[in-house]
Amino acid sequence: MSGVEDCIEEGVCLGRYCSGPIYNSGDAEIEWAQGSCDEVDEGDFEETLQEAMDGNMYNLPDWVTCLHIIDSDNYYDVFWNDWQSGGGGRFSYVRRLVGEQ
């Protein structure tokens with residue numbers, strides 16, 4: 001594996017290469033939606049973050065997205081701080097398990 005990964009729970013390690021979208025290197029199924037988990041509906045989810053953002057990954061900073069880990073049925077609000085477009089692969093976020101204080 002090259003790049004940086006954030007292993008959230010068993011089967012879910014989010015990472016990114018020097019360019020391109022976020023990927024899960026684990027074997028758990030995940031899905032994404034724009035907005036906080038409290039605001040989205042079941043039909044809002046897409047298989048990839050890129051699909052959930054309608055391909056506009058450069059818009060991620062200052063956005064909140066919802067990550068649903070299907071295997072565990074856990075939901076995370078993901079607050080995006082940074083997304084480097086045009087190569088380099090830099091990204092930064094803070095995540096919060098929904099239901100935890």
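In this predicted model, aspartate 77 is buried, its relative accessible area being 2%. The side chain of aspartate 77 meets that of arginine 96 in a salt bridge, with an N to O distance of 2.6 Å. Since aspartate 77 belongs to strand E6 (residues 74-83) and arginine 96 to strand E7, the contact ties together parts that are 19 residues apart in sequence. Arginine 96 is partly exposed, at a relative accessible area of 31%.

A search of the whole structure gives 3 salt bridges. One of them joins aspartate 6 to arginine 95, with the closest N and O atoms 2.8 Å apart. This pair links distant parts of the chain, as aspartate 6 is in strand E1 and arginine 95 in strand E7 (residues 91-97), 89 residues apart. Aspartate 6 counts as partly exposed because its relative accessibility is 21%, and arginine 95 counts as partly exposed at 33%. A further salt bridge is formed between arginine 90 and aspartate 82, where the closest N and O atoms lie 2.4 Å apart. Arginine 90 is partly exposed, with a relative accessible area of 45%.

Strand E1 also takes part in an open sheet of 3 strands, ordered E1-E2-E3 with antiparallel pairing. The edge strands of this sheet are E1 and E3, each of which pairs on one side only. Strand E1 (residues 4-9) pairs with E2 in the antiparallel sense over 5 bridges, and glutamate 5 stands opposite glycine 15 in E2. The two strands form a hairpin with 2 residues between them, and glycine 11 in the turn has a positive phi of about 85°.

On the other pairing, E2 is joined to strand E3 (residues 23-24) by 2 bridges, again antiparallel. Glycine 15 stands opposite tyrosine 23, while leucine 14 has asparagine 24 as its bridge partner in E3. The hairpin of E2 and E3 has 6 residues between the strands, and within this hairpin glycine 20 takes a positive phi near 100°.

Strand E2 (residues 12-16) is largely enclosed by the rest of the structure, because 5 of its 5 residues are buried. Both faces of E2 are covered, with Val12, Leu14 and Arg16 buried on one side and Cys13 and Gly15 buried on the other.

Aspartate 54 is exposed, with a relative accessible area of 60%.

Methods:
Residues are numbered from 1 along each chain as its sequence is written. This is a predicted model: local features need pLDDT of at least 70, side-chain atom pairs count only at pLDDT 80 or more; totals for chains, interfaces and linings use all residues. Side-chain values use heavy atoms; hydrogens and water are left out. Buried means under 20% relative accessible area, exposed over 50%, partly exposed in between (1.4 Å probe, protein chains only). Helices (H or I, at least four residues) and strands (E, at least two) are DSSP runs, numbered from the N terminus. Two strands pair if DSSP finds at least two bridges between them. A salt bridge is a side-chain nitrogen of Lys or Arg within 4 Å of a carboxyl oxygen of Asp or Glu.
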